[in-house]
Amino acid sequence: MLSGILRWSTVSNVILIAGTFLTFVFYGQAFVTHPTVWVPILCTAAGWLFGILIHEIGHAVAAIACGWQILAFQVYPVGWHGPSCTLTLLPRSVGKEAGGYVVIVPRSLATGSATRWMTILACGPGASLALAATALIIRETWLRGVDTPGLIASNFGLAIAIQSCVFAAISLIPQGGSDGAHIIAMARRDPEKDAIWPYVWARTMLDFNLRLRDLPGWLLAAQRDLPFPEKEREQYLAGLEIGLALDAEVPDYSRARALIDSHLVHYGASAWLASCDAYLAAIGEGDAEGAARRLWSGEPDRQVMAIQHAAKASVLAVQGDRRGMRAELLRMRKANRADCPYRNATFRDIERRIRAALRPA
Ligand SMILES: [Zn+2]
């Protein structure tokens with residue numbers, strides 16, 4: 001029997017290569033009068049792109065029907081960001097991961113059930129199979145009738161059907177992060193893993209630039225019941241509180257000061273905490289000297305580069321260093337874009353506050 005990631009990935013690659021070759025041949029044979037290499041290559045690429053789009057639409061429509069929220073819908077090279085309702089040209093690094101991707105989270109604990117999650121996963125391959133069937137029906141009912149000796153139009157229907165079947169097959173093969181692999185993992189049900197889903201959803205929302213203050217109440221409440229060791233959970237919740245105080249519509253600087261000082265006493269220093277501390281001292285308290293002292297002096301933490309640059313920019317702003325502030329803000333924006341290509345409303349506000357705090361040199 002086939003088992004193991006290596007074997008399944010081999011099957012997946014063989015199906016993909018054979019399918020691509022076959023569709024290339026069918027597209028090529030369609031152009032009887034003017035046979036070229038480039039046109040069937042373009043047709044094959046366009047067919048894949050169309051197939052990916054329909055597959056992801058299948059996931060997205062099922063997600064909305066199941067009461068889930070779409071954070072991002074991307075078919076490389078374009079991505080749509082749900083929280084900001086904006087279209088973005090994706091950097092190459094995103095395209096390498098997957099041609100298409102839908103990032104979703106449930107709108108409530110009840111809609112976040114395993115059954116709904118599996119339904120959403122199955123609807124991607126389902127949409128691909130529906131496209132294959134539609135392409136074949138159109139081929140038989142219409143395209144065959146418009147075939148000419150110079151152009152065999154019905155070949156397009158056949159090629160799209162093959163590409164869609166290939167896409168459905170490789171997305172169902174249980175390897176890596178495929179739909180099939182996720183469905184099998186969900187079907188096995190692991191109560192320990194189920195219990196950390198609220199953490200994964202919150203993490204996903206923040207990673208995809210839904211701002212902290214917009215995290216739904218039910219999800220914030222669920223963070224208090226995460227099955228983490230007590231101290232780890234307390235530290236995580238205390239960190240969320242600091243973020244919420246700083247990200248509020250009107251930031252609560254005095255509460256943030258109390259929370260940061262308490263966090264430092266209980267859990268020690270970190271690049272993230274020192275950066276929040278320095279930003280607060282500079283922007284919330286106008287303390288240029290104190291802010292400079294509070295900056296993180298250890299090794300930069302690659303996980304939180306944007307806030308480290310924001311902290312430096314805020315210190316430079318209250319020191320009256322316009323050029324230095326601008327350079328750090330540029331690095332902050334780059335770090336944000338490297339983390340997530342979509343608009344980040346929190347850091348947009350942070351930048352606005354830092355620029356407003358710029359003092360004369
Ligand atoms: Zn899929």
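Which helix lies across E1 and E4? Helix H8 (residues 197-207) does so, running at about 125° to E4. The legends below describe a predicted model, in which local features need pLDDT of at least 70, side-chain atom pairs count only at pLDDT 80 or more, and totals for chains, interfaces and linings use all residues. Residues are numbered from 1 along each chain as its sequence is written.

**Figure 1. Overview of the protein chain.** The secondary structure comprises 16 helices and 4 strands; helices (H or I, at least four residues) and strands (E, at least two) are DSSP runs, numbered from the N terminus. Along the principal axes, the C-alpha atoms fill a box of roughly 80 × 50 × 35 Å. Of the 361 residues, 35% are buried; a residue is buried if 20 or more other C-beta atoms lie within 10 Å of its own, exposed if 12 or fewer, and partly exposed in between, with C-beta atoms placed from the backbone. Among contacts with a separation of 6 or more, 66% join residues 24 or more positions apart; two residues are in contact if their C-beta atoms, placed from the backbone, lie within 7 Å.

**Figure 2. The open sheet of 4 strands.** The strand order is E3-E2-E1-E4, with antiparallel pairing; two strands pair if DSSP finds at least two bridges between them. Strand E3 (86-89) and strand E4 (100-106) are the edge strands, each pairing on one side only. From one strand to the next, the twist averages 20°; axes are lines fitted to C-alpha atoms, for helices over the stretch in contact, and angles run from 0 to 180 degrees between N-to-C directions.

**Figure 3. The two hairpins of the sheet.** Strand E1 (residues 68-75) and strand E2 (residues 78-81) run antiparallel and are joined by 4 bridges, with 2 residues between them in the hairpin. Glutamine 74 stands opposite glycine 79 in E2, and valine 75 stands opposite valine 78. E2 also pairs with E3 in the antiparallel sense over 4 bridges, where tryptophan 80 has leucine 87 as its bridge partner. The E2 and E3 hairpin has 4 residues between its strands, and cysteine 85 in the turn has a positive phi of about 55°. Gly79 and His81 form the covered face of E2, whereas Val78 and Trp80 form the uncovered one.

**Figure 4. The largest nonpolar core.** This core has 43 residues, of which Leu71, Ile104 and Ile120 touch the most other members; a nonpolar core is a set of buried Ala, Val, Leu, Ile, Met, Phe, Trp, Tyr and Cys residues joined through C-beta atoms within 7 Å. Elements giving two or more residues to the core include helix H1 (5-30), helix H2 (38-65), E1, E4 and helix H4 (114-146). H5 gives the most, with 12 residues. Not counting residues up to four places away in sequence, isoleucine 120 touches His59, Ala62, Ala63, Cys66, Trp68 and Ile104. A second, separate core of 34 residues includes Ala271, Ala278, Tyr279 and Ile307.

**Figure 5. The pairing of helices H14 and H15.** The axes of helix H14 (residues 305-318) and helix H15 (residues 322-339) come within 8 Å and cross at roughly 165°. H14 is therefore roughly antiparallel to H15; angles under 35 degrees count as roughly parallel, over 145 as roughly antiparallel, 65 to 115 as roughly perpendicular and the rest as oblique. Residues of H14 that meet H15 include Met305, His309, Lys312 and Leu316. On the H15 side, the residues met include Met325, Glu328, Arg331 and Asp339.
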